[in-house]
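The exercises below ask you to work through a structure step by step, with a solution given after each task. Please have the sequence and the 3D view open while you read.

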Amino acid sequence: MLQMTLAMAIFGSIGFFTIKTGIPAVELVFIRCICATVFLGGFWLISGLHKVEVWQKREVVQTIVCGVFLVLNWVFLFKAFEVMSITITITLYNLAPIFVIIIGGLFLKEKMTVTSILAIVTCFLGSVLIIGIQNFNSLTDFVSSGFGWAILSAICFAMTMLLGKGVTRLSAYAMTFVQTSIGILMLFPFMNFSVFIGLTDSNWLYIIGTGLIHTGFVYYLFFNSLRKLSTVVISALVFVDPVVAILLDTIILDFKPTNLQAIGILLIFGGIVYTIIKQEKEVA
């Protein structure tokens with residue numbers, strides 16, 4: 001629980017770091033993947049865990065697929081940060097637990113309860129209020145608002161959680177090393193290296209910090225704790241992330257949501273909290 005809490009708290013500052021790097025989403029994710037691969041690969045070798053890894057075909061394939069969703073999750077999230085405030089982006093991003101319910105109901109044949117349906121409807125209404133009715137009038141307005149990027153990021157994060165929880169034999173080092181290596185291969189063809197020309201020392205500090213701290217260190221903690229916690233506990237601890245993000249956005253970057261956006265934020269988090277509480281009662 002401490003590892004997951006620390007991971008979520010650090011990840012809560014990712015939006016602040018992202019807008020300070022001065023580079024686009026794809027290039028930033030590429031750097032994150034390189035830093036994490038080197039960082040985790042080094043610790044993996046030093047720890048000696050690479051000698052005792054259990055490489056099962058099913059888990060390797062699952063880890064690779066999980067890695068694809070993890071990298072897409074980063075790209076979509078950072079693209080949302082480019083056009084929307086951190087608070088709004090993170091609020092929509094934290095719809096991931098709701099998408100876990102939806103995906104489970106559609107593809108894993110899990111029963112959709114009344115609680116689940118109410119949570120989905122509540123979060124949808126909150127999303128509409130956050131983004132504004134006017135942005136749903138055309139596809140162009142919808143895409144340019146950043147709403148689509150944030151929702152895609154949440155869906156990919158939900159898939160990462162679902163797939164990551166099923167990997168139990170590979171160590172967190174091996175799992176994240178494989179995934180970030182996949183990210184390097186995925187993004188290299190789309191790289192524009194000219195964006196790195198003319199960056200300031202401050203830009204590079206935030207870029208390296210995002211790569212080593214927010215990727216290597218955080219995702220080691222995340223995957224190492226993921227397999228040891230129940231879904232209910234994970235869903236609850238994920239809220240540490242938006243709390244930190246919103247505090248940084250409102251205190252340091254002076255973001256002030258409109259009244260409708262504030263109501264939307266409350267509806268989304270209210271729907272998710274309600275779902276978690278009902279799940280806890282059902283487990284008990």
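**Exercise 1. Identify the buried residues of helix α2 and state which helices they pack against.**

Step 1. In this predicted model, helix α2 covers residues 14-21, and its buried residues are I14, G15, F16, T18 and T21.

Step 2. Just after α2 comes G22, whose phi is positive, at about 80°.

**Exercise 2. Describe the protein chain as a whole: its helices and strands, its burial and its contacts.**

Step 1. The protein chain has 14 helices and 0 strands, so that its pattern along the sequence is written α-α-α-α-α-α-α-α-α-α-α-α-α-α.

Step 2. The protein chain has 284 residues, and 51% of them count as buried.

Step 3. Among contacts with a separation of 6 or more, 89% are made by residues 24 or more positions apart.

Step 4. The accessible surface of the protein chain comes to about 13100 Å², and carbon and sulfur atoms account for 72% of that surface.

**Exercise 3. Locate T87, decide whether T87 is buried or exposed, and list what T87 touches.**

Step 1. T87 is found in helix α5, which spans residues 86-93.

Step 2. The relative accessible area of T87 is 2%, and because buried means under 20%, T87 is classed as buried.

Step 3. Leaving aside residues up to four places away in sequence, T87 touches I246, D249, T250, F255 and I265.

**Exercise 4. Classify the ring pair of F30 and F193, and follow the ring pairs onward from F193.**

Step 1. A pair of aromatic rings is described by two quantities, the distance of the centres and the angle of the planes.

Step 2. The structure holds 15 aromatic pairs. In the pair of F30 and F193, the ring centres are 6.3 Å apart and the planes stand at 85°; since planes over 60 degrees apart count as edge-to-face, this pair is edge-to-face.

Step 3. The pair links distant parts of the chain, 163 residues apart, with F30 in helix α3 (residues 25-47) and F193 in the loop between α10 (172-187) and α11.

Step 4. F30 is buried, at a relative accessible area of 6%, whereas F193 is partly exposed, at 44%.

Step 5. F193 also pairs with F196, at 6.5 Å centre to centre and with 35° between the planes, and this pair is tilted. F196 is buried, with a relative accessible area of 14%.

Step 6. Ring pairs join F30, F188, F193, F196 and W204 into a cluster.

**Exercise 5. Find the nonpolar patch on the surface and the helix that gives the largest share of the patch.**

Step 1. The patch is formed by L6, W204, I208, L212, I213 and F217, which together have about 480 Å² of accessible area.

Step 2. Helix α11 (residues 201-226) supplies the largest share of the patch, with 5 residues.

Step 3. I213 lies in helix α11 and has a relative accessible area of 41%, so I213 is partly exposed.

**Exercise 6. Examine the charged side chains: how many salt bridges are found, and which charges lie over the face of a ring?**

Step 1. A search of the whole structure finds 1 salt bridge. E59 and R58 form a salt bridge in which the closest N and O atoms are 3.8 Å apart.

Step 2. E59 has 0% relative accessibility and counts as buried, while R58, at 49% relative accessibility, counts as partly exposed.

Step 3. R32 lies over the face of W74, at 4.4 Å from the ring centre, and K79 lies over the face of W149, at 5.1 Å from the ring centre.

**Exercise 7. Place F239 in the chain and compare its separation from N94 in sequence and in space.**

Step 1. F239 lies in the loop between α12 (231-237) and α13 (240-251).

Step 2. F239 has a relative accessible area of 17%, and because buried means under 20%, F239 counts as buried.

Step 3. F239 and N94 are 145 residues apart in sequence, while their C-alpha atoms are 7.8 Å apart in space.

Key
Residues are numbered from 1 along each chain as its sequence is written. This is a predicted model: local features need pLDDT of at least 70, side-chain atom pairs count only at pLDDT 80 or more; totals for chains, interfaces and linings use all residues. Side-chain values use heavy atoms; hydrogens and water are left out. Patches are made of residues with over 30% relative accessible area and no salt bridge: like charges are joined within 9 Å, nonpolar side chains (Val, Leu, Ile, Met, Phe, Trp, Tyr) within 5 Å. Accessible areas come from the Shrake-Rupley method with a 1.4 Å probe; for residues, only the protein chains shown count as cover. A salt bridge is a side-chain nitrogen of Lys or Arg within 4 Å of a carboxyl oxygen of Asp or Glu. Helices (H or I, at least four residues) and strands (E, at least two) are DSSP runs, numbered from the N terminus. Buried means under 20% relative accessible area, exposed over 50%, partly exposed in between (1.4 Å probe, protein chains only). Rings of Phe, Tyr and Trp (its six-membered ring) pair if their centres lie within 6.5 Å; planes under 30 degrees apart count as stacked, over 60 as edge-to-face and the rest as tilted. A charge sits over a ring if NZ of Lys or CZ of Arg is within 6 Å of the ring centre and within 35 degrees of the ring normal. Contact means heavy atoms within 4.5 Å.
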